[in-house]
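Trainee: Hi! Could you walk me through this structure? I'm new to it and would like to go piece by piece.

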Amino acid sequence: MPVDITWWGHAACTVRDSGVRVLTDPLFVRRFAHLRRRRGAVPPPEAAEADVVLVSHLHADHLHLPSLARLARGTRVVVPRGALRAVPGLARLAGARGLAVTEVLPGEEVGVREGVRVRAVAARHDGRRLPVGPQRVRALGYVVQGAARTYFAGDTGPFDTMAEETGPVDVALLPVGGWGPYLGPGHLDAEGAARVLALLAPRAAVPVHYGTYWPIGMDAVRPHEFHAPGEEFARLAGVLAPEVAVRVLAHGERVRLP
């Protein structure tokens, strides 16, 4: 059975598998902090319709409380272990909105509906709630296991056991950029993501986490880091992992992957 992927921008995607809607790292605003949305409309209300929401780590562009507040009452939200303690606002929101928050560590699984499960996997990324701390909470990726196995990497740098810990996957949603002119450690650029793709060897891949938000007033600073990563990933994947079908989506575009 095919899986449908909709990219809403940044790391926010809806994965539809076996009738289950899985939403990743929702970020549904035009502007927050020093960032503004430079490409793609703010996602419509139906983008927040989900059976389960996966939050990869605590950074505000991935665990975004106003976006989580758009979820229907009772929606299940899966977060890294320790998130409720590290982000008191999440606990308050969960109580106010009746969200069913489940905390997980790498290797743990959550059942969503019969035939669909979510497994947390390791990531290499600073999981703190920046800019404050000092709590450290592990960043995660997730594998949605239904008719297909879809890997959502969240934010991560490469690491030696990545393919082993993730396991065989059919579809990979890989970050290929960021929201600023320079990427720090714990990230993948287009080339790094293409090399990871060659290790994972899925049937299909979609680049995410690029080309959406950018710092205000910095439009002219290294603009290729905003515009180019998706197509550059596709080009390099054609060299390093030619057997993988790469689909570069526009914001709000939905694709069905066999």
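**Strands, rings and cores**

Mentor: Happy to. An open sheet is formed by three strands in the order β4-β5-β15, with antiparallel pairing. Keep in mind that this is a predicted model.

Trainee: Which strands stand at the edges of that sheet?

Mentor: Those are β4 (31-32) and β15. Each has a single partner strand, so one side of each is left without a neighbour in the sheet.

Trainee: And how many bridges hold β5 and β15 together?

Mentor: Three bridges, with strand β5 (residues 35-37) and β15 pairing in the antiparallel sense. If you want a spot to look at, find R37, which stands opposite Y213 in β15.

Trainee: Got it. What actually makes strands pair in a sheet?

Mentor: In general, strands of a sheet pair through backbone hydrogen bonds, either parallel or antiparallel.

Trainee: Let's look at β10 next. How many of its residues are buried?

Mentor: Six of the seven residues of strand β10 (residues 116-122) are buried, so β10 is largely enclosed by the rest of the structure.

Trainee: Which strands does β10 pair with?

Mentor: One is strand β9 (residues 109-113), which pairs with β10 in the antiparallel sense over four bridges. Another is strand β11 (residues 140-145), joined to β10 by six bridges and also running antiparallel.

Trainee: What about the turn between β9 and β10?

Mentor: That hairpin has two residues between the strands, and G115 takes a positive phi near 95 degrees there.

Trainee: Changing topic: how many aromatic pairs are there?

Mentor: The structure holds three aromatic pairs. In one of them, W7 and Y210 have ring centres 5.3 Å apart and planes at 10 degrees, so the pair is stacked.

Trainee: Where do W7 and Y210 lie?

Mentor: W7 is in strand β1 (residues 3-9), while Y210 is in the loop between β14 (204-208) and β15 (213-215). The pair therefore ties together parts that are 203 residues apart in sequence.

Trainee: Are W7 and Y210 buried or exposed?

Mentor: Both are buried. Another pair is W214 with F226: their ring centres are 5.5 Å apart and their planes are at 75 degrees, so that pair is edge-to-face. It links distant parts of the chain, with W214 in strand β15 and F226 in helix α6 (residues 224-227), 12 residues apart. Both W214 and F226 are buried.

Trainee: What lies over the face of F226?

Mentor: R38 does, at 4.5 Å from the ring centre. There is also R124, which lies over the face of F159 at 4.1 Å from the ring centre.

Trainee: Now some histidines. Where is H62?

Mentor: H62 sits in the loop between β6 (52-54) and α1 (65-68). H62 is buried, with a relative accessible area of 0%.

Trainee: Which side chains make polar contacts with the side chain of H62?

Mentor: The side chain of D25 does, at 2.6 Å, and a polar contact of 3.2 Å joins the side chains of H62 and H209. Leaving aside neighbours within four places in sequence, H62 is in contact with residues including H10, V55 and D155.

Trainee: And H64?

Mentor: H64 is in the loop between β6 and α1. H64 is buried, with a relative accessible area of 7%, and its side chain makes a polar contact of 2.7 Å with the side chain of S67. Not counting residues up to four places away in sequence, H64 touches P26, L27, V29 and F32.

Trainee: Last topic: which residues touch the most other members of the largest nonpolar core?

Mentor: Y142, Y151, L174, L197 and F233, out of the 54 residues in that core. Helix α5 (residues 190-200) gives the most to this core, with six residues.

Trainee: What is F233 in contact with?

Mentor: Leaving aside neighbours within four places in sequence, the contacts of F233 include L174, V176, L197 and V246. There is also a second, separate core of 23 residues, with A12, A50, L99 and V137 among them.

Technical notes:
Residues are numbered from 1 along each chain as its sequence is written. This is a predicted model: local features need pLDDT of at least 70, side-chain atom pairs count only at pLDDT 80 or more; totals for chains, interfaces and linings use all residues. Side-chain values use heavy atoms; hydrogens and water are left out. Rings of Phe, Tyr and Trp (its six-membered ring) pair if their centres lie within 6.5 Å; planes under 30 degrees apart count as stacked, over 60 as edge-to-face and the rest as tilted. Buried means under 20% relative accessible area, exposed over 50%, partly exposed in between (1.4 Å probe, protein chains only). A charge sits over a ring if NZ of Lys or CZ of Arg is within 6 Å of the ring centre and within 35 degrees of the ring normal. Two strands pair if DSSP finds at least two bridges between them. A polar contact is a pair of N or O atoms within 3.5 Å; within protein, one must be able to donate a hydrogen and the other to accept it, and residues adjacent in sequence count only if both atoms are side-chain atoms. Contact means heavy atoms within 4.5 Å. A nonpolar core is a set of buried Ala, Val, Leu, Ile, Met, Phe, Trp, Tyr and Cys residues joined through side-chain atoms within 4.5 Å.
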